[in-house]
Amino acid sequence: MPKHRITGQAAALTKSHKLSIAGVAALGAAALAVSIVPGNAAETSQAATEISASPVAFAVNTDVQATVAKQQVAVAKHADAAEKQAKAEADAKAEADAKAAKAEADAKAKKEREDKEAASRAAARKPVYANNLDGWIRNALDIMAKEGIPGTYNGIYKNVMRESSGNPNAINNWDINAQNGVPSIGLLQIIKPTFDAYHVDGTEHNQYNPVANIVAASNYAADRYGSIDNVNSAY
């Protein structure tokens with residue numbers, strides 16, 4: 001039976017011999033497996049020699065390596081892009097956080113300045129009352145206005161002058177009140193039970209205090225007579 005010689009990248013086999021070739025490639029590894037079915041030993045040896053010399057395995061291996069190299073480059077590029085994106089996002093967040101913190105600090109500083117300026121303006125607007133009858137009456141009138149107690153400067157003044165001549169330490173030790181142990185005291189000669197009942201919070205709880213005395217007496221007069229302006233005699 002004539003022999004068929006295997007040449008190049010292809011080989012013709014006899015009926016009694018079969019040759020199988022498998023190429024395996026995975027991530028940079030390529031292999032060419034040759035399996036010879038038992039037959040003529042010399043022919044088999046010659047076929048194996050010629051196949052091993054074939055450039056098929058080298059070509060397959062080269063292609064796989066190139067593919068793997070491309071994949072590695074792609075992966076590296078993707079990782080680099082992801083790293084750059086992550087850094088950009090981190091930088092953007094840090095910048096946004098810094099801007100937000102600065103805005104908050106600026107707003108807080110602005111509010112503190114505004115509060116301080118408002119306090120300064122309020123202090124500047126706060127009236128300073130003279131420590132005399134005129135100042136006491138004006139101070140009392142401001143408090144009365146806030147508390148809704150009626151009365152005018154002239155109404156208070158005329159009653160003060162009649163009751164005590166403007167002396168905040170005046171005390172009546174001879175009338176019926178004094179005999180009962182509760183003398184009339186202060187600018188508007190008010191007794192302690194009445195002072196206690198009509199005292200206005202925010203003023204000193206002291207009958208001798210001129211402002212507290214005027215406010216309490218005016219509060220009592222408003223309740224009893226409608227206003228201190230309506231009082232023209234002892235009350």
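Mentor: Axes are lines fitted to C-alpha atoms, for helices over the stretch in contact, and angles run from 0 to 180 degrees between N-to-C directions. Helices are DSSP runs of H or I with at least four residues, numbered from the N terminus. This is a predicted model, where local features need pLDDT of at least 70, side-chain atom pairs count only at pLDDT 80 or more, and totals for chains, interfaces and linings use all residues. Residues are numbered from 1 along each chain as its sequence is written, and side-chain values use heavy atoms, with hydrogens and water left out.

Trainee: OK, at what angle do H3 and H4 pack?

Mentor: About 130°, with the axes of H3 (residues 133-147) and H4 (residues 153-163) 10 Å apart. That makes H3 oblique to H4; angles under 35 degrees count as roughly parallel, over 145 as roughly antiparallel, 65 to 115 as roughly perpendicular and the rest as oblique.

Trainee: Which residues of H3 and H4 meet?

Mentor: From H3, Leu133, Asp134, Ile137, Arg138, Leu141 and Met144; from H4, Tyr153, Ile156, Tyr157, Val160 and Met161. Contact means heavy atoms within 4.5 Å.

Trainee: And H7, how far apart are its axis and that of H3?

Mentor: The axes of H3 and H7 (residues 210-225) are 9 Å apart, at an angle of about 50°. H3 and H7 are therefore oblique to each other.

Trainee: What does each side bring to that contact?

Mentor: H3 brings Trp136, Ile137, Asn139, Ala140, Ile143 and Met144, and H7 brings Pro210, Val211, Ile214, Val215 and Ser218.

Conventions
Helix = DSSP H or I, 4+ residues; strand = E, 2+ residues; numbered from the N terminus.
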